[in-house]
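Thanks, everyone, for making the time; I would like to walk you through one model this morning, going from a strand to a helix and then to the cores. Please have the structure open while I talk.

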Amino acid sequence: MIQFKNLTLTRGTRELITDASLQLHTGWRVGLTGANGSGKSSVFALLRGELHSERGDCEVPATWRIASVAQETPALDTPAIAYVLDGDTELRALEHTLADATHHGEQLAELHARMADIGGYSAQARAAALLAGLGFADDEIERPVREFSGGWRMRLNLAQALISRADLLLLDEPTNHLDLDAVVWLEQWLAGFKGTLVVVSHDRDFLDGCVTHIAHIHAARLTLYTGNYSAFEDARAAQLAAQQSTYEKQTRVIAHMEAFVARFRAKATKAKQAQSRLKALARMERIAAAHVDTPFDFHFPQPDRSPNTLIYLNKSSMAYGEHKILNDIELTLAPGARIGLLGPNGAGKSTLIKLLAGETKPTSGQRTEGRGLVIGYFAQHQLEQLRPDESPLQHLLRQEPQAREQDLRDYLGGFDFRGAMADSSVAPFSGGEKSRLALALIVRRKPNLLLLDEPTNHLDLEMRQALTAALAEYEGSMVLVSHDRALLRTVCDDFLLVSDGRVEPFDGAVEDYIAWLAARRAARAGNEDTAAGQDKAARKDARASAAADRQNRLAARRPLMKEISRLETELARWQQEKLQMDTQLADPAFYANPDPELLRALTTKQQQIALDIDAAEHRWLVVHAELEAIGET
């Protein structure tokens, strides 16, 4: 086991962790959480033996093999699969020894026995499976490492760490360079990992799916919680609920969202968005207390009027050379659209976002945008467009030269650029800080259409929570690509599936898409089995079972989705009626010549409609809970 005994860890003159005493037992999978700069990377350096404690001890078994993800990848000619296998150093040493012809007899037998013990003879297949899970195509595993981009090289480094057969596996934000299908695969792989895992991640669903404990750093205290991230949030929320400041901040946030619901749920064009805020409120009451001390507090300003049609793609296709990505796409973005893009790795989600943003032109077909369209486009290259020698304040002043400096400072404060940091050059900023600045610049332009391609990369949990709340309240339209399932669930009303060159509506939720991915993976594995001459009937049954499971999910969801649609229609009608009655009963002229029978009838109907609205809103939340339960089974 790993033992911290009265451990104090410092960096420079700052104490990161003070007097920590805890044990991490063999086989535990621990999520290490805390704000950026709290000391998570220093804990990793301590466990690797690269950093020593100021006081106390950190004891890691001397015989343990420790693996982590390399941050640099040289431009090697080594094939990808061979590079991954290099992560198992004992395997490579055995292969080298066996290649030495001087070994024979009993010694040679022992070497082969050890090779069998460590699974050396199946290592090639395991490496290929790891690469497939992380999104590499079959024809890519023999490509030289130097031919892959930086993000794909990081996936190779991750695969190298996973194949190492480590006793202690240290993973620092392993999902940053992955898309949703690779994140889900990695989560499932880690859930079956037999060694001890310590992982830093800002993806709450990912942590929920693969960890057994949370070690949280806050105010230089390292505290161990049993359970996944949701259990940690519940426990921490219970602790913080005793503080008056918790009630005050949470009340302000909830009141802000309730004001939105009260303002817009009576409008037919806003009813769906208002109902989604009710769902966000239901979630917020459980989780917000664990984030009351977040330094982030920002909101998207109300956008200017949107055109009736934001963007229309008419038989639009995209190709890179001879390689077609999207074929004959027909897509109309209307005001109020809140769309999440789903699809396998490489299917064209980012290409579609670029096409919508006007960053690229279709190779055939047309892209038409409405007059008055203001696009806020976030992609990873936004970070490269920041001026490294300028401060956050200078970036905003360049964008709004006539604005009052104090107004801009107040605005930057909501993104935690306060004091000297607002005046510091961007060059030394972390990836998360640069992402926050890029988002701040986009939000400030008051876009009526947000196009967001992985906006949560490099953002910590607190900033993700703030961004999710801000997007839930955003009154414009949005198209989102993200591997953050919590973000997709909370802010998207509809999904499009990008797959096999097509863009089609996806009838289901995020959990249904994960089931779709599993069925697709099973079918692909079945095809590979066919090539290997395995039992065709068994494969067909497996595929049919996976397809039937998804159909059963969808069948169970359809009546619930219809009920939600009916409830939202009824709520919009009832809320309009109640608003009219409230207005009539509040009008002094109504009482100039009072009609007791009419007053009694109106009052009774007003009370009945209020009861109907309350019952419908409660049923709406219950049905959504049932939908989430179906998705989790």
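Predicted model: local features only at pLDDT ≥ 70, side-chain atom pairs only at ≥ 80, totals over all residues.

**A strand covered on both faces**

Let me begin with strand β12, which is covered on both faces, since Arg338, Gly340 and Leu342 on one side and Ile339 and Leu341 on the other are all buried; buried here means under 20% relative accessible area, with exposed being over 50% and partly exposed in between, for a 1.4 Å probe and protein chains only. Residues are numbered from 1 along each chain as its sequence is written, and side-chain values use heavy atoms, with hydrogens and water left out.

Strands (E, at least two residues) and helices (H or I, at least four) are DSSP runs, numbered from the N terminus. β12, residues 338–342, pairs in the parallel sense with β16 (residues 477–481) over three bridges, and Arg338 stands opposite Met478 there. With β17 (residues 494–499) β12 also pairs in the parallel sense, over four bridges, and Ile339 has Asp494 as its bridge partner; two strands count as paired if DSSP finds at least two bridges between them.

Turning to helix α5, residues 123–133, we find Ala123, Ala127, Leu130, Leu131 and Gly133 buried. They lie on the same side of α5 because they cover an arc of only 165° around the axis, the arc being that of the directions from the helix axis to the C-beta atoms. The buried residues of α5 pack against α2 (80–85), α3 (89–98), α6 (150–162) and α7 (180–191).

What about the cores? A nonpolar core is a set of buried Ala, Val, Leu, Ile, Met, Phe, Trp, Tyr and Cys residues joined through side-chain atoms within 4.5 Å. The largest has 49 residues, and those with the most contacts inside it are Leu156, Leu169 and Leu190; α6 gives the most to this core, with six residues. Apart from it lies another core, of 48 residues, among them Phe417, Ala438, Leu439 and Tyr474.

Finally, the chain as a whole: it has 21 helices and 18 strands, and of its 633 residues 50% count as buried. Among contacts (heavy atoms within 4.5 Å) between residues at least 6 apart in sequence, 70% join residues at least 24 apart.
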